[in-house]
Amino acid sequence: MADTLEFNEIYQEVKGSMNDGRLRLSRQGVIFKNSKTGKVDNIQASELAEGVWRRVALGHGLKLLTKNGHVYKYDGFRESEFDKLSDFFKAHYCLELAEKDLCVKGWNWGTVRFGGQLLSFDIGEQPVFEIPLSNVSQCTTGKNEVTLEFHQNDDAEVSLMEVRFYVPPTQEDGVDPVEAFAQNVLSKADVIQATGDAICIFRELQCLTPRGRYDIRIYPTFLHLHGKTFDYKIPYTTVLRLFLLPHKDQRQMFFVISLDPPIKQGQTRYHFLILLFSKDEDISLTLNMNEEEVEKRFEGRLTKNMSGSLYEMVSRVMKALVNRKITVPGNFQGHSGAQCITCSYKASSGLLYPLERGFIYVHKPPVHIRFDEISFVNFARGTTTTRSFDFEIETKQGTQYTFSSIEREEYGKLFDFVNAKKLNIKNRGLKEGMKQSYDEYADSDEDQHDAYLERMKEEGKIREENANDSSDGSGEETDESFNPGEEDDDVAEEFDSNASASSSSGDGDSDRDDKKPAKKAKIVKDRKPRKKQPESKKGKDPNAPKRPMSAYMLWLNASREKIKSDHPGISITDLSKKAGELWKAMSKEKKEEWDRKAEDARRDYEKAMKEYSKGDSHRGERSKKKKKKQEKLVKGKGDKKGTTSKSASSKSPAKGTSDSFKSKEFVSSDESSSAESKKEDSEDEGAASPPPSSEDSASGSD
């Protein structure tokens, strides 16, 4: 027979609601871990007194009674699991798992039995219903009547408010049966009554949640917060965890008390009680008990007279009374040296503390997330600026928490912490062997401060090698750089004022013609860099040969599909990382084979470049010839303009020259034409019929 039995999706009945979790039965005892709160119930095998199997609303249930009167109920079992549980109880706990069905006759009269902390209403030998007396908040009596009121549970959709029992009068020894009933209930009920003096009082403590200054009175079974407006009574049984967290300024301390169920004020629920202390504040404390009582109750954890920092005294007293460990930050240290990270959650700024078994955010609203309920985390780019990033956490229940505005310098420390804790990182994909190493049934407040795991330096080296290899063999041609100083001569050659003046130097009679080119040259010089920049970009030829790849890139392109098939669902980053590892582990002989292929590719590239450069030189010669032809054309048109102005200024009649003379409109229309063929035709026509000189015109007139 197996030494342990495990059951998932088991429900524990607590104060009227069903909390799901995991149940484990072993030789040592029974362990149940609540999935929502992480609270662990541990029942030792030696404490078990009785086990009952019965049919309930959620299938079948198991009721365990201990020797000290506690009752534990677990539902959600299948009928077929009875034999397995019964054999396990016989073999390891020496108990018979009894089968008892509930009475469903519908009668409303019967017998009330008090057993431990349980009130059972029975008809004959069968129970009708049971009430855990720890759920009772108040018990009042009337004539032949007892009324029980219950603690309300926010998690339950429907809550039972009260139950009234009619107790018929009896003639037994003058004992009132109503009072006897009420005393039995009150002896086990969770009724908070401030009877007697407080063990100690802390005055005017600053409380962030709920906000205000409160006097804290410490009683043996509960904590009393007394403020100017509100009072709260908190039983120690509702305290889940205690946290002591240093503020980022190193001058203050947070003391956080996690509560389940929370304290209520109207419709507001406070799941955390947060106190803020100054490290410089000291106190001398005297407990309202004699030394023998202190020694007997607290077994050396507290003494009658104590002195020290205020936060130390409060945390020490709470630890002794609640009997829970105090959780402090682990080995995490941020960029600034603090044990926390400044960030924002929802609309408020606060501090995020990475702990050994979870994260806690203070203070508005406080959030505690355990590692065992985290599905994955995600590092996201900040929405407003690149100087910060967001840290997202999604739980297994689907709840998402986003901590934003984290400084970029904190990324490396936080990533190393998350990696060391083996949490799944969404950006990177699910890694093999990233399963959490902590015990699923361990209480989340029992922090063992492990040594901080060594950082993954080898992985960083591989990333560097991959980056270097990919940069060497990118296989893409880089953009040409724009250097205005180096190309200044070429620009001046095209737009120099002297060049402009020489084009119009055929005739410079009027001052207006001399000034115009100079003015244009000045404007163009100011715009020189802007006009040249697009030309440098246009110089990239898509037909130019591509640079050859490195040996690593050739191997990666050939092996990429094989790596993907060997590792289904691998992300791009992980693929490049894995490829770097495989390349590094490859033998020298195989690498030489890829080096030869890279050398062949380099030779082919050089050969292609030579052919490309030859073709490029031919294209350059054609463009130079074309440019010279255009300059010659522009110069010829300038000469025609000068001749036209001279002929217009002469006093000779223009009748004889009407056939061969070309007007100004004709010349300007040739200038506006953009087609190269038209320009060549106009040039030939101008050469065949040159404009007549002044002498020819004079002879013509004669």
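**View 1. Antiparallel pairing of strands E9 and E10 in the predicted model**.

**View 2. The open sheet E9-E10-E11**. The sheet is open and is formed by 3 strands in the order E9-E10-E11, with antiparallel pairing. Strand E9 (111-115) and strand E11 (126-132) stand at the edges, and each has a single partner strand, so one side of each is left without a neighbour in the sheet. On average, and with direction ignored, neighbouring strands of this sheet are turned by 25° against each other.

**View 3. Helix H2 across the sheet strands E9 and E10**. Helix H2, which comprises residues 177-188, lies across E9 and E10 and runs at about 35° to E9.

**View 4. The largest nonpolar core**. This core has 41 residues, and those with the most contacts inside it are Phe 202, Ile 218 and Leu 223. Helix H4, residues 310-322, contributes the largest share of this core, namely 9 residues. In soluble globular proteins, nonpolar side chains tend to be buried together.

**View 5. The surroundings of Ile 218**. When its neighbours within four places in sequence are left aside, Ile 218 is in contact with Ala 198, Ile 199, Cys 200 and Phe 202, with Leu 223 and Tyr 236, and with Val 317, Met 318 and Leu 321.

**View 6. A second, separate core**.

Terms used:
Residues are numbered from 1 along each chain as its sequence is written. This is a predicted model: local features need pLDDT of at least 70, side-chain atom pairs count only at pLDDT 80 or more; totals for chains, interfaces and linings use all residues. Side-chain values use heavy atoms; hydrogens and water are left out. Two strands pair if DSSP finds at least two bridges between them. Helices (H or I, at least four residues) and strands (E, at least two) are DSSP runs, numbered from the N terminus. Axes are lines fitted to C-alpha atoms, for helices over the stretch in contact, and angles run from 0 to 180 degrees between N-to-C directions. Contact means heavy atoms within 4.5 Å. A nonpolar core is a set of buried Ala, Val, Leu, Ile, Met, Phe, Trp, Tyr and Cys residues joined through side-chain atoms within 4.5 Å. Buried means under 20% relative accessible area, exposed over 50%, partly exposed in between (1.4 Å probe, protein chains only).
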